[in-house]
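Please look at the sequence and the 3D structure below, and then read the short briefing on the ligand and its surroundings.

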Amino acid sequence: MCVFVLEKRRMPVARPEPVEARVIAHVDLDCFYAQVEQRRHPELRGKPTAVVQYNSWKGGALIAVSYEARKFGVKRSMRGEEARKACPDIHLVQVPVAHDKADLKLYRDAGSEVCAILARMGKCERASIDEVYLDITEAATARLIQDPPQCWVSLDKEALKSHVVGLATDGDATVEVGHWLQRKDAEQNDQLLACGAAIIAELRTAVLSETQFTCSAGIAHNKMLAKLASGMHKPAQQTIVPSSAVQGLLTDLPINKIGQLGGKLGHLLEVELGVKTAGDLLQFSEAKLQDLFGMNTGTWLWRTARGINGDEVQGRMLPKSHSSGKTFPGPKSLKDLSAVGHWVRELAEVLQERLDMDIEQNNRIARLLTLHAGCHLFWSRSCKKIPITILCIKIW
Ligand code: DCP
């Protein structure tokens, strides 16, 4: 028998789903850094814009691209010069720099503004600089009791523009979505999702009017499905995943699109078992997957293929840790101890500023500090071996 040994600490944990269905949303800001820069420079609003890394080689690497620029084929993988060829009118904005490295404070603070608005309706977990999970089960349940969808006289415009996975819309999509949201024979769980969709539509409208940022969202019964859905229709749209549509959604879904299957575990499934989609996983019994990957991971995989995920939204608006790091490619690679010492001091200073701010704003003191230093040799495009040094200090 073949058993795959994987690093335990990185393995997903199978948690049972609660008996009562939850209503979970994943909210993701659209082209986030580009929107922050468009707000800071209003003359860029509605214009093709991209944010570039502070390193200016070939116009700098693009890290965020506005949707106006994407229409011209501009992509994140491009450098500034390439982007200008695709879209001569593009506005390239440099990421702010402090201590000779990118300073993301502006974007972090903008993400916090959005979090504070989203947290008004439920438990809020900040998953990254521009992503939030919300558990709005209580708010959706209360709305279902007090103001059920069948009784809605007028429907929120944003809610009507929702996409419903599995709903065929050949005519006027908003009319069909309106029918779906308000249909009298809907199961209780679909009614809860309809109430959740109305709440998220209102929250997205509040985010837009109070911060000027658009965001997209997925609304489902668990975190995994909500996250999958938020990216399905962007920008400024929302997508609902009813339980009846889950299997159809997953059948052809490449496994690397599922959180935690983008790395080694997903690679193993593909190479060793020929599993390319979540649907391909269905052929394996839970016992077989447990034999191959261990009890916990086996169960997690079996459930994931069926869209079952019991992960709770953690009520956490603040980051768990702060880190400060820098990559030194090629000629900029750190060559001697004094260069390393200089950069460790610079990075520590950045971290110190953030820690001071954290103590002041949140009354928290970090307890654990780790320093990561690495040097790797990479083959460059011109087939030369180039050294890359990475330094990172992290504090919890
Ligand atoms: N980011 C970065 N470097 C990357 C990827 C992203 O610095 N390699 C930053 C810039 C992005 C932000 O993180 O604006 C959020 O990344 P997303 O992957 O969510 O992408 P966007 O928000 O830019 O676009 P989308 O609307 O496609 O989500």
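A backbone N or O atom of Tyr-33 lies 3.0 Å from an oxygen atom of the ligand, where a polar contact is a pair of N or O atoms within 3.5 Å. This is a predicted model, in which local features need pLDDT of at least 70 and side-chain atom pairs count only at pLDDT 80 or more, while totals for chains, interfaces and linings use all residues. Residues are numbered from 1 along each chain as its sequence is written, and side-chain values use heavy atoms, with hydrogens and water left out.

**Contacts with the ligand**

- For Leu-29, a backbone N or O atom is found 3.4 Å from an oxygen atom of the ligand.
- Arg-76 instead places a polar side-chain atom 3.2 Å from an oxygen atom of the ligand.

**Residues around the ligand**

- There are 13 residues around the ligand, and Cys-31, Phe-32, Tyr-33, Tyr-67 and Lys-234 come nearest (a residue is near if one of its heavy atoms lies within 4 Å).
- By class, this shell holds seven nonpolar, no polar and six charged residues, with Tyr and Cys among the kinds counted as nonpolar and Lys and Arg among those counted as charged.

**Aromatic pairs**

- Four aromatic pairs are found in a search of the whole structure (ring centres within 6.5 Å; planes under 30 degrees apart count as stacked, over 60 as edge-to-face and the rest as tilted).
- The rings of Tyr-33 and Tyr-107 are stacked, because their centres are 3.8 Å apart and their planes are at 5°.

Note on methods. Polar contact = N/O pair within 3.5 Å; in protein donor to acceptor, adjacent residues only side chain to side chain. Phe/Tyr/Trp six-rings, centres within 6.5 Å; stacked < 30°, edge-to-face > 60°.
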